[in-house]
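Have a go at each one before you read the solution.

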Amino acid sequence: MLHFVCLHEKEELFDDTCDLLDTSWPRSRGSRARTLSKIPSTTNLPCSIVMLQEGSVVGHYRLSECLESDTWCIVESVIVSPSLRGKGLGRRLMDHCISLATSYSMTQLYLSTKDKEGFYHKLGFRNSKSVSVLSKANAMLRGKQNLFATVATHTPGVTWMSLQLPIG
């Protein structure tokens, strides 16, 4: 059985979550710890969600607000354990993400991917412009459209996608 928890509610899962993230995006433990704890996961956005199967970490995503609008959000670090891919867990993880974003009254969900466009297209995502994660450092820029070009990350080989979320 799968269930989902906020990482801050189960801090004992931190190391296993780091290990899972390192399977696709290797980093030093110190660097990974700084990234995950930079803006602590909370019951509000941003939050890191862990998918558990029989008590083991098998998936993760991080949901954050976008700088461009307070009703847009971005999902990052979406991952399913490599040994469990192709079994529908990615869809379950993204279904949970969409549900969580909708519960926060978000209207648009963004993501970037290098090689999973087909998967996200099946979920209803469409190619889109890039967006920026809202952080304390750039919160003062919200609503200043002319600054977006300097804030958004433009990485070669990355496809940006978005999904219109259901209301309520």
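**Exercise 1: a buried ring and its partner**

Tyr-110 has a relative accessibility of 4%, so Tyr-110 counts as buried. Keep in mind that you're looking at a predicted model.

Task: work out whether the rings of Trp-72 and Tyr-110 are stacked, tilted or edge-to-face.

Solution. Start with the distance: the ring centres of Trp-72 and Tyr-110 are 5.2 Å apart, and rings pair if their centres lie within 6.5 Å. Next comes the angle, which is 50 degrees between the planes. Stacked needs under 30 degrees and edge-to-face needs over 60, so this pair is tilted. Finally, see where the two rings sit: Trp-72 belongs to strand β4 and Tyr-110 to strand β5, 38 residues apart, so the pair links distant parts of the chain.

**Exercise 2: a ring cluster**

Task: say how the planes of Tyr-120 and Phe-125 are arranged, and whether each residue is buried or exposed.

Solution. The centres of these two rings are 5.6 Å apart and the planes meet at 75 degrees, so the pair is edge-to-face. Now for accessibility: Tyr-120 has a relative accessible area of 7% and Phe-125 has 0%. Buried means under 20%, so both Tyr-120 and Phe-125 are buried. To finish, bring in Phe-119: ring pairs join Phe-119, Tyr-120 and Phe-125 into a cluster.

**Exercise 3: the core**

Task: find out which element gives the largest share of the largest nonpolar core.

Solution. First get to know the core: it has 30 residues, and Tyr-61, Val-75 and Met-94 are among those with the most contacts inside it. Then look at the suppliers; β1 (2–6), β3 (56–65) and α3 (89–103) are among the elements that each give at least two residues. The largest share, seven residues, comes from α3. There's also a second, separate core of 11 residues, including Leu-13 and Leu-52.

For a closer look, pick Val-75. Setting aside neighbours within four places in sequence, its contacts include Leu-63, Met-94, Cys-97 and Tyr-110.

Methods:
Residues numbered from 1 in each chain as written. Predicted model: local features only at pLDDT ≥ 70, side-chain atom pairs only at ≥ 80, totals over all residues. Heavy atoms only, no water. Core = buried A, V, L, I, M, F, W, Y, C linked by side-chain atoms within 4.5 Å. Buried < 20%, exposed > 50% of the residue type's maximum accessible area, 1.4 Å probe, protein only. Helix = DSSP H or I, 4+ residues; strand = E, 2+ residues; numbered from the N terminus. Contact = heavy atoms within 4.5 Å. Phe/Tyr/Trp six-rings, centres within 6.5 Å; stacked < 30°, edge-to-face > 60°.
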